[in-house]
Amino acid sequence: MLFWIVAAAMTAAVVLLIVPPLLRKPEGAAEERAAYDLEVYRDQLGELERDQGRGLISEAQAAAARAEIGRRMLAIADHGKAGAKGGAKGKAAAPAVRAPRSAMALAALLAVLLPLGTLAVYGKLGRPELPAQPLASRNLDHERGGPPKNVLAAMDKLKAQLAETPDDPQGWAILGQAYAKMGRLPEAADALGKAVALAGDDLELLGSYGEVLISANGGTVPDEARKTFDRVLAKDPTEPRARFYAALARFQAGDTRDALERWSALLAESHADAPWVPIVRTQIAEAARALNLDPAKVTPEPLPAQQQPPVAQNQGQGQNQGQAQGQTEGGDQQQMIRGMVDGLAARLEANPDDVDGWMRLSRSYGVLGESAKAIDAARKAREQAPKRPDVLVAYASALLSAEPRSSKPGPMPEEAVASLRQALAAEPDNRDALWLLGLNAAGIGQTAEATDLWTRLLAQFKPEEPEYTLIRARLDSLKAGG
């Protein structure tokens with residue numbers, strides 16, 4: 001009820017601000033016109049005197065003209081007195097100074113339409129039936145862009161289970177990954193550390209633990225992370241992530257030559273289209289400069305490109321971008337990346353049939369924050385391979401990356417949605433297309449479509465995988481009307 005009282009008061013205030021000025025009588029305008037006419041007549045009298053002085057008119061003609069001008073000035077003076085007298089008796093009794101009929105009609109129309117129009121718009125767009133929500137019951141974290149309440153509830157439930165069964169490595173791993181996605185890195189490192197202690201030599205888990213330790217340490221490899229990656233390499237000397245970070249640890253500790261040898265070996269044994277190749281080249285160049293060496297002479301050529309499955313490739317892109325963003329701080333690194341990107345762009349202009357090259361260029365421009373160039377490179381990749389799902393998803397991702405960030409979900413660009421639908425038609429299980437199209441459907445209120453897409457995506461994960469938990473939470477949120 002309080003809402004309606006406030007809304008009615010605000011509407012009345014707006015009407016009072018707009019309507020009264022329309023009903024005011026044009027007194028000021030009449031007075032200004034009379035003053036103007038008097039000034040003109042005074043000028044005519046002066047001109048008359050000058051003409052008579054110059055002998056242009058006779059005395060009789062001057063007297064007649066002077067009398068006519070005087071008559072007109074008196075008429076204006078009499079009209080002003082009548083208006084003032086009428087004003088004293090009441091403005092309604094002076095028809096000559098009333099507001100114009102058109103203004104009165106407009107005022108009446110606005111006085112009626114403003115309240116009715118406001119009520120009609122609110123009735124269509126507002127939710128008058130929605131009850132007031134106490135602050136304590138609102139999901140403030142979700143409103144601020146944080147995880148939904150049901151995700152937090154699932155994490156609380158998982159923590160309660162781990163309190164009863166603390167020897168569950170999978171539970172600690174899922175909790176750690178969830179904390180990492182939320183940016184709560186110290187808690188993520190603590191949970192993953194417990195998982196590592198229980199799981200033994202799970203190489204994937206060890207790698208995730210090491211990366212979280214580095215992120216929590218601001219990009220510097222702590223001793224615990226170095227030991228973790230050395231532990232991975234003891235089991236699998238070819239594991240690229242562990243090799244990269246083990247070299248980074250040596251570089252940050254001042255053993256630049258050992259780091260250079262490790263990165264050079266990693267690059268020489270990697271395929272040219274491996275996602276970590278650009279960042280490894282960058283690190284080699286930085287280490288070479290530190291040793292006063294020519295980067296071109298100490299950088300080996302990678303193995304020939306080996307096309308990867310679309311989904312795995314996309315996942316690799318995300319990891320690569322995350323690594324790149326975490327390791328490419330600093331002006332020198334940016335300059336090196338810029339040189340590499342420009343070189344790649346020049347090669348592609350000479351060889352425009354290289355679809356994977358255009359995609360790499362699009363990703364590189366995306367990392368540099370040059371959205372328009374990223375979209376253009378992705379578009380050229382799509383022109384070369386218009387039916388490849390990974391290319392279509394990459395083009396849609398480039399379009400979405402150029403969109404301004406917003407805390408409120410909304411429709412995606414039509415071109416991005418069309419590209420994602422083409423990707424899904426070509427590959428019905430494409431995870432990226434299912435996820436992004438589900439986000440678009442949820443954002444525009446098409447709950448049934450979002451539920452269908454995410455249900456198909458959920459079927460591709462195992463319950464113990466963190467993606468399963470997050471997608472399940474999204475579906476629960478849709479079901480609850482969120």
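A salt bridge is taken here as a side-chain nitrogen of Lys or Arg within 4 Å of a carboxyl oxygen of Asp or Glu. By that criterion the structure, which is a predicted model, holds 22 salt bridges. The protein chain in which they occur contains 23 helices and zero strands. Of its 482 residues, 33% are buried, and the chain exposes about 27,800 Å², with carbon and sulfur atoms supplying 57% of that area. Among the contacts with a separation of 6 or more, residues 24 or more positions apart account for 54%.

Several of the salt bridges can be described individually. Within helix H8, which comprises residues 185-199, the side chains of Lys194 and Asp190 meet in a salt bridge with an N to O distance of 3.5 Å. Because the two residues are four positions apart in that helix, Lys194 and Asp190 are separated by about one helical turn. Both partners fall into the intermediate class of accessibility: Lys194 counts as partly exposed at 37% relative accessibility, and Asp190 counts as partly exposed at 44%. A further salt bridge links Glu370 with Lys373, the closest N and O atoms being 3.6 Å apart; Lys373 is partly exposed, with a relative accessible area of 43%.

Other charged residues are joined into a network of salt bridges, which links Asp223, Arg226, Lys227, Asp230, Arg250, Asp258 and Arg262. One of the pairs concerned is that of Asp258 and Arg250, whose closest N and O atoms are 4.0 Å apart. The two partners differ in class, since buried means under 20% relative accessible area: Arg250, at 15% relative accessibility, therefore counts as buried, whereas Asp258, at 22%, counts as partly exposed. Arg250 is located in helix H11, which runs over residues 240-252. When residues up to four places away in sequence are not counted, Arg250 touches Arg226, Asp230, Asp255, Thr256, Asp258, Ala259 and Arg262.

Two loop residues were examined next. Ser270 is situated in the loop between helix H12 (256-268) and helix H13 (277-290), and it counts as buried at 3% relative accessibility. The side chain of Ser270 makes a polar contact of 2.8 Å with the side chain of Trp276. Trp276 is also among the residues that Ser270 touches beyond four places in sequence, together with Val277, Pro302 and Leu303. Arg388, in turn, occupies the loop between helix H18 (371-384) and helix H19 (389-401). The side chains of Arg388 and Asp390 are joined by a polar contact of 2.6 Å. Arg388 and Glu427, although 39 residues apart in sequence, are 8.8 Å apart in space when the distance is taken from C-alpha to C-alpha.

The buried residues of H7 are Gly171, Trp172, Ala173, Ile174, Leu175, Gly176, Ala178 and Tyr179. The N-terminal end of H7 is capped by Asp168, a side-chain oxygen of which lies 3.2 Å from the backbone nitrogen of Gln170. After the helix comes Gly183, whose phi is positive, near 80°.

Finally, the surface includes a nonpolar patch formed by Phe3, Trp4 and Leu119, which together have about 310 Å² of accessible area. Trp4 belongs to helix H1, which covers residues 2-23. With a relative accessibility of 39%, Trp4 counts as partly exposed.

Notes:
Residues are numbered from 1 along each chain as its sequence is written. This is a predicted model: local features need pLDDT of at least 70, side-chain atom pairs count only at pLDDT 80 or more; totals for chains, interfaces and linings use all residues. Side-chain values use heavy atoms; hydrogens and water are left out. Patches are made of residues with over 30% relative accessible area and no salt bridge: like charges are joined within 9 Å, nonpolar side chains (Val, Leu, Ile, Met, Phe, Trp, Tyr) within 5 Å. Accessible areas come from the Shrake-Rupley method with a 1.4 Å probe; for residues, only the protein chains shown count as cover. Buried means under 20% relative accessible area, exposed over 50%, partly exposed in between (1.4 Å probe, protein chains only). A polar contact is a pair of N or O atoms within 3.5 Å; within protein, one must be able to donate a hydrogen and the other to accept it, and residues adjacent in sequence count only if both atoms are side-chain atoms. Contact means heavy atoms within 4.5 Å.
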